[in-house]
Amino acid sequence: AVVSTQSTGGMAALVEGRLTDAKRKLRETVVMANKADLNKLTSTAFLLLAHIFVDIGNQSDALEMVKSAHEIANRIPDISLQIWSCKLLERLSGDQPDKVGEMRELREKLQGRLEREGEECRASPDNSLLQWLDSEFPSSCMSMV
């Protein structure tokens, strides 16, 4: 949300001719976006490493990688990485039924949230344009054109 606000503010400043303000806000946007992307990349790399460690039978290093990835995914937050890390933690905690149950419950909660958000997006009138294929152009989209 902050990156989006900075980006919008930077674009508005550019359109209004306030170039110094636009440069400052857009540079801040780049810095924040890069930081978020690096966190996402780091978390993804940890999860991929965990899969590799699982495949070679090194459960302790796999668990360490997944815990780090899960921590970053929660901090960002990134729901897809959270679900992925929960699934791996669930798999790696096989000898701890309480932990397995906790991770399964969290994963199911996150998946439900992701599904609800997807349904809300599909039901939004703003997305009726996306549903238009071979029929008449939707009248609800006329205001967007």
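**View 1. Asp21 and Lys25 sit about one helical turn apart in helix H2.** The two residues are four places apart in helix H2, which covers residues 19-55. Helices here are DSSP runs of H or I with at least four residues, while strands are runs of E with at least two; both are numbered from the N terminus. An α-helix has 3.6 residues a turn, so residues three or four places apart point the same way. Asp21 forms a salt bridge with Lys25, with the closest N and O atoms 3.7 Å apart. A salt bridge needs a side-chain nitrogen of Lys or Arg within 4 Å of a carboxyl oxygen of Asp or Glu. Asp21 is buried at 16% relative accessibility. Buried means under 20% relative accessible area, exposed means over 50%, and partly exposed lies in between (1.4 Å probe, protein chains only).

This is a predicted model, in which local features need pLDDT of at least 70 and side-chain atom pairs count only at pLDDT 80 or more, while totals for chains, interfaces and linings use all residues. Residues are numbered from 1 along each chain as its sequence is written, and side-chain values use heavy atoms, leaving out hydrogens and water.

**View 2. Glu90, Arg104 and Arg107 are linked in a network of salt bridges.** Arg104 forms a salt bridge with Glu90, and their closest N and O atoms are 3.2 Å apart. This pair links distant parts of the chain: Arg104 lies in helix H5 (residues 97-123) and Glu90 in helix H4 (residues 79-92), 14 residues apart. Glu90 also meets Arg107 in a salt bridge, at 2.9 Å from N to O. That pair again joins H4 to H5, across 17 residues. Which of these side chains are buried, and which are partly exposed? Glu90 is buried at 8% relative accessibility. Arg107 is buried too, at 11%. Arg104 is partly exposed, at 38%.

**View 3. Helix H5 spans 39 Å from its first C-alpha to its last.** H5 has 27 residues, and its span is close to the 39 Å expected at 1.5 Å a residue. The expected span is 1.5 Å times one less than the number of residues. The buried residues of H5 are Val100, Met103, Arg107, Leu110, Gly112 and Gly118. H4 is part of what covers them.

**View 4. His70 is a buried residue in helix H3.** Helix H3 covers residues 59-75. The relative accessibility of His70 is 12%. What does His70 touch, not counting residues up to four places away in sequence? Its contacts (heavy atoms within 4.5 Å) are Gln82, Ser85, Cys86, Leu89 and Leu106.

**View 5. Cys86 is buried, whereas Cys121 is partly exposed.** The relative accessible area is 0% for Cys86 and 45% for Cys121. A disulfide is a covalent bond between the sulfur atoms of two cysteines. Here, the cut-off is a pair of cysteine sulfur atoms within 2.5 Å. How many disulfides does a search of the whole structure find? The search finds zero.

**View 6. Leu49, Ile52 and Ile56 form a nonpolar patch on the surface.** Together they have about 290 Å² of accessible area. Areas come from the Shrake-Rupley method with a 1.4 Å probe; for residues, only the protein chains shown count as cover. Patch residues have over 30% relative accessible area and no salt bridge; nonpolar side chains (Val, Leu, Ile, Met, Phe, Trp, Tyr) are joined within 5 Å, and like charges within 9 Å. Ile52 belongs to helix H2. Ile52 is partly exposed, at 48%.
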